[in-house]
Amino acid sequence: METSAILILAIPLLMFLFLGLAGKYLPHKWAGILGTAGMGVTMILAYTVAFTYFFSGAPEFISATGDRLQHVVFNQEWLNFYDKLTINIGFLLDPISAMMLVVITTISFMVHLYSNGYMRDHHGVWETGFQRFYAFLSLFSFSMLGLVVATNIFQMYIFWELVGASSYLLIGFYYTKPSAVAASKKAFIVTRFADLGFLVGILLLSFNTGFFSFTEMTSVPVEGVADTYQINLGTAEGIKNIFANSAASTFMGASVLTWALVLIFMGGMGKSAMMPLHIWLPDAMEGPTPVSALIHAATMVVAGVFLVARLFPLYVLNEAALDIVTVVGAVTALYAAMVACAQIDIKRVLAFSTISQIAFMMVSLGVTRLGHETALGHEVHEGLGYMASMFHLFTHAMFKALLFLGAGALIHAIGSNDYTAMHGLRKYMPVTHITFLVGCLAIAGIIPFAGFFSKDEILTACFGHSAVWAIWMTLVAGLTAFYMFRLYFLIFWWKEHKTPEGHHAPHDQPWTMTLPLIILAVISCVAGFVPFGKLVTWNGHEIAGSNLANLNWNVAAISLVVAVCGILVAMKMYKKENPLPEKMRNALPNLWDWCHHRFYWDELYQFITHKIIFGCICKPIAWFDRHIIDGTMDAFASITNKASYAIRGLQSGNVHMYVWIYLVGAILLAAISMIVIL
Amino acid sequence: MEINALYYLIPAMFMFACGVYGFITRRNMIAMLISLELMLNGVDMNFVVFNRFLYPGQLEGMFFTLFAIAIAAAETALAIAIVVNVYRANNDIDVRDINKLKF
């Protein structure tokens with residue numbers, strides 16, 4: 001177990017070093033094969049570890065009463081500042097990290113495989129920097145795996161920044177393209193800004209508690225089994241008491257613990273693109289499409305959800321923090337869904353859809369409360385929202401990666417990101433068409449595809465908490481179905497495809513690109529049947545749910561009806577070319593404009609940063625620097641310069657003149673000193 | 001007739017004044033060099049004379065003079081070398097022509 005755990009982290013890291021250093025001496029093909037093989041081995045190891053964790057029933061993984069435990073596989077001291085501040089690097093195995101191992105390695109392997117086909121053009125010419133691309137993919141996989149298995153919050157922060165850095169590198173992969181460079185900078189700066197909150201939150205939390213380790217914050221050791229812990233609300237309450245008893249128990253009306261949790265959530269907001277820090281994600285689509293699938297849809301952007309889930313025992317005791325999570329999530333979900341309805345670039349639609357779906361996960365965590373609740377006449381199990389959130393994270397990763405890889409295949413075939421260049425592709429690219437349809441059905445939440453089950457659990461959890469959010473989220477689910485099928489119909493139907501003069505007709509891509517699509521489509525069909533309630537819960541205690549027998553059919557019926565309505569509306573509007581969309585657009589021009597321009601958030605940021613911060617703060621400071629500070633120094637220099645120019649005539653080069661001056665000076669000095677002495 | 005220090009100092013000062021005059025008025029670098037030597041010798045004589053008359057038991061002035069003579073010899077050799085090079089470059093040794101390094 002320990003060897004596998006070390007190898008899971010070591011293989012991608014070594015692959016990064018090898019491909020990064022020796023990549024340019026390797027043939028392109030071999031770099032791709034090596035990277036893919038490395039990731040394949042990592043995937044097999046991660047599967048072994050996850051399956052051992054979930055199904056072996058060993059005492060360090062499951063307690064006698066059937067609760068899943070947290071097992072620290074290794075925990076190596078890394079930086080020892082002094083006895084109270086030691087930073088470890090370790091490997092924590094618990095339900096969510098085991099699940100994330102599966103998700104990350106699966107998607108990463110699919111993307112590695114897919115990129116072998118995607119990163120070259122139709123004539124088989126490799127893209128420049130192909131080896132660098134694989135090196136960065138490996139770096140990202142290493143960072144993300146290190147993030148999810150972190151045993152302490154500082155390790156998480158380190159890997160959190162590493163995924164940010166690898167995301168930056170990959171968004172800016174086409175570094176000769178100014179828009180890609182701008183997008184990578186934007187992503188890095190926005191998430192860095194959010195991470196400032198994360199760091200302050202970590203400092204608040206660990207300064208007051210003295211803990212870095214997750215197991216110390218949320219769990220108690222299990223007697224008799226080494227390195228094994230059980231999630232325990234008592235520990236979290238203990239932490240709450242530490243804050244309640246500390247000197248500064250409140251700040252600006254909220255308790256310091258709430259502040260710490262909200263600031264940590266701010267880090268999650270940045271990474272998970274929650275409003276108002278979402279602006280980087282749509283621009284991040286400048287990166288190669290496989291990167292969008294891996295980083296900006298399936299894995300890195302759910303790190304924020306994972307962070308909240310990791311500290312969930314602390315959040316669940318803090319209503320205020322959870323309410324903030326809920327409100328941010330719900331507002332973002334609706335906003336992103338509305339914007340997704342009015343985008344032309346298919347990757348932008350998917351990006352906003354990702355934001356909306358992650359917001360679903362956030363809401364699901366936010367509405368989770370302990371204690372029993374009922375939803376439309378059915379009992380809601382304790383901690384259902386947490387389970388639903390993780391379930392949706394899992395299924396969303398699969399079908400969103402599928403959709404992105406499908407979009408990549410379309411872009412590769414057509415050479416444009418806009419659906420206006422596509423239309424009617426269903427006959428030309430049958431594999432892409434079917435798999436894309438599966439993805440759309442899954443995200444829309446049609447039974448029996450994966451999204452149906454997870455979204456249904458989320459809605460059940462919402463209904464259990466508050467009817468307002470439940471109705472809100474149901475509407476967003478309807479919008480999701482609408483915009484996804486709008487995209488689907490506009491790409492594959494609408495009107496017959498016309499191939500431009502001098503181009504080949506679009507066709508399905510090589511097997512390296514279609515195979516991942518097919519595998520992910522199959523997973524999207526069956527992932528809903530994974531009994532998540534038995535596997536992943538907030539405290540390891542099994543809950544019923546997430547399979548057909550335990551479905552809350554009242555909620556399921558509502559969400560199904562809403563989803564089908566969304567699909568039918570999309571079909572009516574976009575299946576055949578007709579003037580209806582144009583009419584609706586003209587009927588509500590303002591709404592269209594606002595949605596199309598993403599509610600002018602970018603312009604708002606542009607205004608704040610350029611006009612207010614740059615204009616009112618930076619410019620005066622720059623003026624002061626340039627004119628006062630530099631001016632003083634320049635004045636010294638120019639005075640010296642001018643004086644030198646003025647007296648340089650004395651250096652005539654005439655030796656006799658020097659002698660005369662010397663002589664007269666000597667005589668004068670002698671005369672003066674004589675006068676003084678006498 | 002008592003021979004006192006003035007008998008030595010007056011010729012020494014005369015030598016020095018001749019040197020200064022020559023240094024200022026001559027254009028020829030060799031002549032200027034000779035004037036320079038004249039000044040140096042006048043000063044050397046002063047050292048010896050003051051040593052002999054004021055501190056007869058000691059030898060600092062004498063040795064200072066010996067050093068000055070040795071260094072003057074070296075300096076002359078150097079100066080002559082410069083003069084030779086200037087002559088090669090300018091084809092004359094007029095000091096007014098050596099003003100290429102001014103500002």
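Helices (H or I, at least four residues) and strands (E, at least two) are DSSP runs, numbered from the N terminus. This is a predicted model, in which local features need pLDDT of at least 70 and side-chain atom pairs count only at pLDDT 80 or more, while totals for chains, interfaces and linings use all residues. Residues are numbered from 1 along each chain as its sequence is written, and chains are lettered from A and ligands numbered from 1 in the order in which they are written.

**Chain A as a whole**

Select chain A first. Its secondary structure consists of 26 helices and eight strands. Along the principal axes, the C-alpha atoms of chain A fill a box of roughly 125 × 75 × 55 Å. A residue is called buried if 20 or more other C-beta atoms lie within 10 Å of its own, exposed if 12 or fewer do, and partly exposed in between, with C-beta atoms placed from the backbone. On that basis, 52% of the 678 residues of chain A count as buried. Two residues are in contact if their C-beta atoms, placed from the backbone, lie within 7 Å. Among the contacts in chain A with a separation of 6 or more, 79% are between residues 24 or more positions apart.

**The four-stranded sheet**

Next, select strands S1 to S4 of chain A. They form an open sheet in the order S2-S1-S4-S3, and the pairing is antiparallel. Strand S2 (85–93) and S3 of chain A stand at the edges with a single partner strand each, so one side of each has no neighbour in the sheet. From one strand to the next, the twist averages 45 degrees. Strands are said to pair if DSSP finds at least two bridges between them.

Follow the sheet from one pair to the next:

- S1(A) and S2(A) run antiparallel and are joined by nine bridges; Asn75(A) stands opposite Gly90(A) in S2(A).
- Strand S1 (residues 70–82) of chain A is joined to S4(A) by two bridges, again antiparallel; His71(A) stands opposite Thr228(A) in S4(A).
- Strand S3 (residues 219–221) of chain A pairs with S4(A) over three bridges in the antiparallel sense; Ser219(A) has Ile231(A) in S4(A) as its bridge partner.

Now zoom in on strand S4 (residues 228–231) of chain A. Is it covered on both faces, or on one? Both faces are covered, with Thr228(A) and Gln230(A) on one side, Tyr229(A) and Ile231(A) on the other, and all of these buried. The hairpin of S3(A) and S4(A) has six residues between the strands, and there Gly224(A) takes a positive phi near 85 degrees.

Move to the loop between helix H9 (256–271) and helix H10 (280–283) of chain A, where Pro276(A) is placed. The peptide bond from Met275(A) to Pro276(A) is cis, with omega near 5 degrees. Ala273(A) lies in the loop between H9 and H10 as well. Although Ala273(A) is not a glycine, its phi is positive, near 55 degrees. Ala273(A) is buried, with 29 other C-beta atoms within 10 Å.

Then select Pro448(A), in the loop between helix H17 (430–444) and helix H18 (450–465) of chain A. Ile447(A) and Pro448(A) are joined by a cis peptide bond with omega about 0 degrees.

**A pair of helices**

Select helix H14 (residues 319–340) and helix H19 (residues 467–492) of chain A, whose axes come within 9 Å and cross at roughly 25 degrees. Axes here are lines fitted to C-alpha atoms, for helices over the stretch in contact, and angles run from 0 to 180 degrees between N-to-C directions. H14(A) and H19(A) are therefore roughly parallel (angles under 35 degrees count as roughly parallel, over 145 as roughly antiparallel, 65 to 115 as roughly perpendicular and the rest as oblique). Residues of H14(A) that meet H19(A) include Thr326(A), Ala330(A) and Leu334(A), and those of H19(A) include Trp469(A), Trp472(A) and Tyr483(A).

**Chain B**

Finally, select Val49(B), in helix H2 (residues 29–54) of chain B. Val49(B) is partly exposed, with 18 other C-beta atoms within 10 Å. Leaving aside residues up to four places away in sequence, Val49(B) touches Ala5(B), Tyr8(B), Leu9(B) and Ala12(B). The C-alpha atoms of Val49(B) and Tyr8(B) are separated by 6.9 Å, with the residues 41 apart along the chain.
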